[in-house]
Amino acid sequence: MNSLQDIWNMVLEQMKTELYETTINTWFNDTVPVALEGNTFILHCGNDFKRNTIEDRFLGNIAASLKDIFSADFTIRLLDDNGLRAYQSGNTEEKRPSNFFESNEFTFENFVVGPSNKLAFAAAKAVAAQPAEHYNPLFIYGDSGLGKTHLIYSIAHEIREKRPYAKIVYIKGDDFINEFIETVRSGRGQDFRTKYREADLLLVDDIQFVAGKEETQNEFFHTFNTLYESHRQIVLTSDRPPQEMSKLDDRLRTRFEWGLLVDVQPPDLETRIAIIQNKAAQLGLILDPSIVNYIAENVTANVRQLEGTVKKVKAYKDLLEKDVDTENVNRAIQDMLRKENEYIPSVDTIISEICKVYRIDEKVIRGQQRDRDAVRSRQVAMYLIRRMSNYSYKDIGKEFGDRDHTTVMHSIEQVEQRMKKDPAFAETVKAITTNINAKR
């Protein structure tokens with residue numbers, strides 16, 4: 001990638017997957033890239049009508065395309081002529097990068113500490129205070145929705161406050177894989193290596209996804225070594241500790257264990273109460289203690305679900321003008337009061353997650369192809385639909401081209417038998433299940 005114009009051309013090309021080419025030519029022909037500062041992409045459009053239309057209708061498309069390209073969230077600034085002149089007149093001055101780590105939502109101050117996450121919180125604080133001094137890498141593991149991402153965002157936020165120009169790179173494990181594959185395909189390997197190996201702080205969420213991906217693991221191994229040897233901080237999260245990743249390269253497993261491993265567990269009752277109170281205060285919502293206790297006693301799965309519950313209660317109050325009493329709270333959050341094993345994902349959700357892991361098109365899973373990858377992913381889909389939903393064998397067969405129920409039963413048996421014999425395969429199925437449950 002040689003220039004801002006190259007990036008903008010890639011954005012325009014990416015947007016063609018969502019917008020008609022005539023739409024892009026009509027609205028973006030007067031738009032030119034100005035700068036890329038941190039995670040802010042600055043554009044100029046001198047045509048007032050087009051600029052207003054882009055701001056109203058297309059900023060989301062631009063941001064989504066940038067995320068597809070860089071696997072990071074971006075803010076878009078669209079300048080008019082006056083704004084461009086003002087920007088250029090101050091362009092010789094050093095500017096502070098602007099990106100999502102500057103948000104005040106995910107900070108240490110907003111993280112509720114309890115017995116279930118106390119060590120992880122203390123370790124994250126120590127890393128933010130003295131990057132690469134004591135705990136490198138910091139490896140945080142635990143189930144989805146327990147605050148792992150909040151902690152690594154808090155690390156980034158604090159380091160950004162202390163070192164405004166530090167190069168901070170955040171990415172999810174599956175996005176790292178996808179980006180690596182794309183750079184190999186397009187011959188931009190050096191750009192990829194530069195992006196990650198020159199970071200001052202590398203944050204990788206859900207690192208478990210790289211396990212079993214030989215070339216990706218090899219690339220990450222060299223990236224890890226480069227950062228570690230140059231005294232740069234690495235923070236990783238996962239749904240399990242390294243020793244439970246059977247398909248993880250031994251070289252990576254060893255390095256992941258060089259630093260500090262800390263886990264986060266589901267919050268206890270007192271911590272759940274504190275989380276609810278904290279979130280309600282952030283939203284300007286006053287909850288009676290009895291309501292707080294009622295939510296804490298009934299919503300127990302994870303932090304994300306607790307915060308979602310408070311948001312829904314506020315929406316119920318604001319939009320429907322209902323009093324926040326036990327009866328109305330129960331009505332507002334009844335779908336969140338299910339226990340974890342009562343969550344019923346849609347067939348589309350299950351198949352979508354399988355497609356991501358096996359890198360296969362949904363049409364192939366639902367179709368008639370008989371190659372090994374198609375059969376394997378289709379059998380896993382049938383197994384998980386049967387296990388996680390209330391679909392009958394006949395119902396499942398209809399989802400896959402009206403297959404006979406005996407075919408479905410055989411597919412499920414094949415998966416069950418292989419899981420008993422092949423720990424790596426069993427781990428893959430478990431990872432897919434975890435991802436599906438995280439969609440609740």
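Where is Asp402 found? I looked, and Asp402 is in the loop between α19 (393–399) and α20 (405–421). My helices (H or I, at least four residues) and strands (E, at least two) are DSSP runs, numbered from the N terminus.

**Ground rules.** I am working on a predicted model, where local features need pLDDT of at least 70, side-chain atom pairs count only at pLDDT 80 or more, and totals for chains, interfaces and linings use all residues. Residues are numbered from 1 along each chain as its sequence is written, and side-chain values use heavy atoms, with hydrogens and water left out.

**Positive phi.** I checked the backbone of Asp402 and got a positive phi of about 55°, although Asp402 is not a glycine. Asp402 counts as exposed, at 62% relative accessibility. For this I call a residue buried under 20% relative accessible area, exposed over 50%, and partly exposed in between (1.4 Å probe, protein chains only). Ala132 also went into my notes: its phi is near 65°, a positive value in a residue other than glycine. Is Ala132 buried or exposed? Ala132 is buried, with a relative accessible area of 8%.

**The loop around Ala132.** Ala132 is found in the loop between α6 and β4. I then looked up Pro137, which lies in the loop between α6 (118–129) and β4 (138–141). A cis peptide bond joins Asn136 and Pro137, with omega at about 5°.

**Two helices.** Next I took α8 (residues 173–186) and α10 (residues 214–229), whose axes come within 10 Å and cross at roughly 100°. Axes here are lines fitted to C-alpha atoms, for helices over the stretch in contact, and angles run from 0 to 180 degrees between N-to-C directions. The two helices, α8 and α10, are therefore roughly perpendicular to each other; under 35 degrees would be roughly parallel, over 145 roughly antiparallel, 65 to 115 is roughly perpendicular and the rest is oblique. On the α8 side, I found Phe176, Ile177 and Phe180 making the contact (heavy atoms within 4.5 Å). From α10 come Glu215, Thr216, Glu219 and Phe220.

**Cysteines.** How many disulfides are there? I got 0 disulfides, taking a disulfide as a pair of cysteine sulfur atoms within 2.5 Å. Cys45 counts as buried at 0% relative accessibility, and Cys355 counts as buried at 13%.

**Leu84.** Last, I looked at Leu84 in helix α5 (residues 81–89). Leu84 is buried, with a relative accessible area of 15%. Leaving aside neighbours within four places in sequence, I found Leu84 in contact with Val34, His44 and Leu79. Leu84 and Asn39 are 45 residues apart in sequence and 19 Å apart in space, C-alpha to C-alpha.
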